[in-house]
Amino acid sequence: MQIGVKWKNLLGILVFFAAQSTFAYRVITDRIPLGKGSVYSFVEYTRNKVPTAIGVAIAGSALKTLPDEMQMLELVPKSMHKVEPYTHIGFDWNPMGHEPPGIYDLPHFDVHFYMIPQNVRHNITCAGADALKCTKAVASSYIPADYGPTPAGVPMMGWHWLDLKSPELNGQTFTRTLIYGFYDGSTAFIEPMVTLAYLKTKPHAVFPVRWSQNISVSGMYPKNYSVDYKPVTDTYEIALIDLVSRTSSR
């Protein structure tokens with residue numbers, strides 16, 4: 001059978017994009033109910049089974065039926081699909097936002113990609129003796145440039161450090177940002193925060209991730225993070241993408 005010129009051109013285009021893309025397949029690693037829909041975690045791999053992205057996807061049906069109360073959910077990938085150094089994902093829906101007022105008090109999602117075990121995180125109180133662990137000094141080489149600490153740690157999370165260059169900290173309205181978290185002097189999580197209003201714009205956006213000189217735990221770290229609406233599946237995705245291997249100096 002002969003292939004027409006147009007089909008040959010189309011086939012060439014498809015082959016070109018397949019060759020350029022590092023993404024070969026996706027695995028759903030956990031799923032939990034949210035509203036009248038669900039949210040699931042996923043990992044994307046190359047053909048050689050190297051992870052290139054880790055993220056969450058919120059169903060459109062869930063986004064339209066979000067509860068009025070705060071939700072603190074956990075997605076725990078199956079062991080065969082855990083991507084080091086990430087142990088689990090904390091997915092929080094904040095319908096009233098949170099402190100500080102005037103900045104993060106808009107309805108939004110917090111997506112914590114944790115690097116510490118669940119049992120360790122669940123025992124973080126940031127009170128008494130643990131308060132010292134929550135705000136234990138972090139060596140400067142483990143802190144990305146232009147990040148600054150919040151006043152105190154948060155129970156079951158750790159010490160949040162904010163991107164001082166983020167628009168909402170420079171007079172603009174909060175839409176999305178990337179936070180680093182620490183506990184006991186080591187990196188505990190990477191956290192994209194994204195507002196409901198921004199997701200409703202159905203974005204297709206990629207933002208750079210600033211790295212620290214050193215890292216606490218070896219594993220796959222993102223060059224970028226994405227906030228992306230997928231019309232075919234009607235899902236809203238928040239992901240750490242373009243993962244590359246880094247080795248801890250510890």
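## Six-stranded sheet

Six strands build an open sheet, ordered S1-S2-S3-S13-S12-S11, with antiparallel pairing. Strand S1 (25-34) and S11 are the edges; each has a single partner strand, so one side of each is left without a neighbour in the sheet. From one strand to the next, the twist averages 20°. Angles run from 0 to 180 degrees between N-to-C directions, with axes fitted as lines to C-alpha atoms. Strands are DSSP runs (E, at least two residues), numbered from the N terminus. Two of them pair if DSSP finds at least two bridges between them.

This is a predicted model: local features need pLDDT of at least 70, side-chain atom pairs count only at pLDDT 80 or more, and totals for chains, interfaces and linings use all residues. Residues are numbered from 1 along each chain as its sequence is written, and side-chain values use heavy atoms, with hydrogens and water left out.

Within this sheet, strand S2 (residues 37-45) and strand S3 (residues 51-59) pair in the antiparallel sense. Seven bridges hold the pairing. Glu-44 has Ala-53 in S3 as its bridge partner.

## Seven-stranded sheet

Another open sheet has seven strands. Their order is S4-S5-S6-S10-S9-S8-S7, and the pairing is antiparallel. Strand S4 (71-75) and strand S7 (147-149) are the edge strands, each pairing on one side only. Neighbouring strands here are turned by 25° against each other on average, direction ignored.

Strand S8 (residues 159-163) runs antiparallel to strand S9 (residues 176-183), joined by three bridges. Trp-159 stands opposite Phe-182 in S9.

## Strand S5

Strand S5 (residues 88-94) is largely enclosed by the rest of the structure, because seven of its seven residues are buried. Buried means under 20% relative accessible area, exposed over 50%, and partly exposed in between (1.4 Å probe, protein chains only). In a regular strand, side chains alternate between the two faces of the sheet. Both faces of S5 are covered. His-88, Gly-90, Asp-92 and Asn-94 are buried on one side; Ile-89, Phe-91 and Trp-93 are buried on the other.

S4 and S5 run antiparallel and share five bridges. Leu-73 stands opposite Phe-91 in S5. S5 also pairs with strand S6 (residues 108-114), again antiparallel, over seven bridges. There, Trp-93 stands opposite Phe-109 in S6.

## Aromatic pairs

Twelve aromatic pairs turn up in a search of the whole structure. Rings of Phe, Tyr and Trp (its six-membered ring) pair if their centres lie within 6.5 Å; planes under 30 degrees apart count as stacked, over 60 as edge-to-face and the rest as tilted. Trp-161 and Phe-182 are edge-to-face, at 5.8 Å centre to centre and 70° between the planes. Trp-161 lies in strand S8 and Phe-182 in strand S9, 21 residues apart. Both are buried.

Phe-207 and Tyr-225 have ring centres 5.3 Å apart and planes at 35°, so this pair is tilted. Phe-207 is in strand S11 (residues 204-208) and Tyr-225 in strand S12 (residues 219-230), so the pair ties together parts 18 residues apart in sequence. Phe-207 and Tyr-225 are both buried. Ring pairs also link Phe-91, Trp-93 and Phe-109 into a cluster.

## Cavity

The whole structure has one cavity of 30 Å³ or more. A cavity is a set of points, on a 1 Å grid over the protein atoms alone, where a 1.4 Å probe fits but cannot get out; lining residues have an atom within 4 Å of a point. The largest cavity holds about 80 Å³, the space filled by probe spheres set on the points, which are joined across faces, edges and corners.

Its lining includes Tyr-142, Tyr-180, Trp-211, Asn-214 and Arg-246.

Methods: On a 1 Å grid over the protein atoms alone, a cavity is a set of points where a 1.4 Å probe fits but cannot get out, and a pocket is an open set with protein on both sides within 12 Å along at least five of seven lines; lining residues have an atom within 4 Å of a point. Helices (H or I, at least four residues) and strands (E, at least two) are DSSP runs, numbered from the N terminus.
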